[in-house]
Amino acid sequence: MSAIDTIRARHSVREYLDKPLAGVQLAGLRRAVLEAEQKSGLDIQLVTDNPEVFQVVARFGLVRGATASIVFCAEGKDTDEAIGYWGQRIVLTAQELGLNTCWCALCSRKKSKAVLRGDKKVRIVIAVGLGKTQGHDRKTKPLSELCTVEGGSVVSGAGAGAGADGSASEGGLPTWFATAMEAAQLAPTAMNAQNFHVTLRADGKTVSARATKEGAWNAIDVGIVRRNFEEAANETGADWRWE
């Protein structure tokens with residue numbers, strides 16, 4: 001699957017089949033976690049046989065049946081954006097492996113079997129496993145609220161097309177940017193609040209992403225958004241860069 005197809009197919013799943021990870025899926029997930037840890041310098045742990053970590057009632061209900069979790073351990077919030085960025089890379093890899101995932105800020109940290117070193121604490125976890133369903137689409141904000149093109153326009157829809165020639169999409173965005181913004185629009189965020197904004201600078205190449213509100217998880221959300229945007233933008237072959 002292409003990056004944008006993987007992003008479109010991936011949804012948060014909270015009901016799992018209570019089956020342990022094994023075989024190719026487990027091996028692939030371990031490789032993804034190890035690669036992310038090595039490249040980022042973050043403390044990322046794949047913990048299996050630990051359903052207790054999800055035994056917390058959240059606004060959107062319980063995560064049930066997931067026995068495995070990807071745990072991010074940190075001393076504070078300084079690495080939050082990196083956690084979101086690298087965590088979402090693992091999430092997309094899990095989707096490619098036929099697994100389902102859910103970012104879980106509300107979890108029972110004391111019940112996590114992650115190994116805590118020094119002053120580190122469990123910052124956030126990702127449930128991973130075989131979902132009872134593939135999840136469902138979430139309501140999203142229009143792109144007119146999520147992005148700006150300096151000296152140009154924004155669109156109200158998701159946009160379409162994946163070109164690198166700088167041509168405009170139907171809504172007025174360059175086609176590569178429209179595709180990347182669709183990916184950003186589909187990024188999971190805390191409470192589905194989508195408190196982020198992406199700006200394409202006047203040069204048509206430089207892109208910035210920022211949180212629009214202060215909050216406990218907004219930096220992680222921005223990291224997730226950046227990863228989705230980057231994966232889709234790079235696949236178009238566009239000449240672009242982060243600010």
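The largest nonpolar core of this predicted model comprises 47 residues, of which Ile70, Phe177 and Phe229 touch the most other members. A nonpolar core is here a set of buried Ala, Val, Leu, Ile, Met, Phe, Trp, Tyr and Cys residues joined through side-chain atoms within 4.5 Å; buried means under 20% relative accessible area, exposed over 50%, and partly exposed in between, with a 1.4 Å probe and protein chains only. Leaving aside residues up to four places away in sequence, Ile70 touches Leu29, Val33, Ile44, Gln45, Leu46, Ile90, Ile124, Val125, Ile126 and Val128, where contact means heavy atoms within 4.5 Å. Another core, of 16 residues, lies apart from the largest one and has Val63, Ala66, Val71 and Cys73 among its members.

Residues are numbered from 1 along each chain as its sequence is written. Because the model is predicted, local features need pLDDT of at least 70 and side-chain atom pairs count only at pLDDT 80 or more, whereas totals for chains, interfaces and linings use all residues; side-chain values use heavy atoms, with hydrogens and water left out.

The chain contains six helices and eight strands, taken as DSSP runs numbered from the N terminus (helices H or I, at least four residues; strands E, at least two). Their order from the N terminus is α-α-β-β-α-β-β-α-β-α-β-β-α-β. Of the 243 residues, 50% count as buried. Among contacts between residues at least 6 apart in sequence, 71% join residues at least 24 apart. The accessible surface, from the Shrake-Rupley method with a 1.4 Å probe and, for residues, only the protein chains shown as cover, comes to about 11,300 Å², and 49% of this belongs to carbon and sulfur atoms.

Nine aromatic pairs were found in a search of the whole structure. Rings of Phe, Tyr and Trp (its six-membered ring) pair if their centres lie within 6.5 Å; planes under 30 degrees apart count as stacked, over 60 as edge-to-face and the rest as tilted. Phe72 and Trp103 are stacked, because their ring centres are 6.2 Å apart and their planes stand at 15°. Phe72 belongs to strand E2 (residues 68-74) and Trp103 to strand E3 (residues 100-104), so this pair ties together parts that are 31 residues apart in sequence. Both partners are buried, Phe72 with a relative accessible area of 1% and Trp103 with 13%. The pair of Tyr85 and Trp86 is edge-to-face, since the centres lie 5.4 Å apart and the planes are at 85°. Tyr85, at 15% relative accessibility, counts as buried, and Trp86 counts as buried at 16%. One aromatic cluster is formed by Trp176, Phe177, Phe229, Trp240 and Trp242.

Arg227 lies over the face of Tyr85, at 3.8 Å from the ring centre, and over the face of Trp86, at 4.9 Å. The criterion is that NZ of Lys or CZ of Arg is within 6 Å of the ring centre and within 35 degrees of the ring normal.

Helix H3 (residues 80-96) has 17 residues and reaches 24 Å from its first C-alpha to its last, close to the 24 Å expected at 1.5 Å a residue, the expected span being 1.5 Å times one less than the number of residues. H3 is mostly covered, with 14 of its 17 residues buried. Gly98, with a positive phi near 90°, follows H3.

Ser144 lies in helix H4 (residues 143-146) and, at 37% relative accessibility, counts as partly exposed. The C-alpha atoms of Ser144 and His197 are separated by 9.9 Å, with the two residues 53 apart along the chain.
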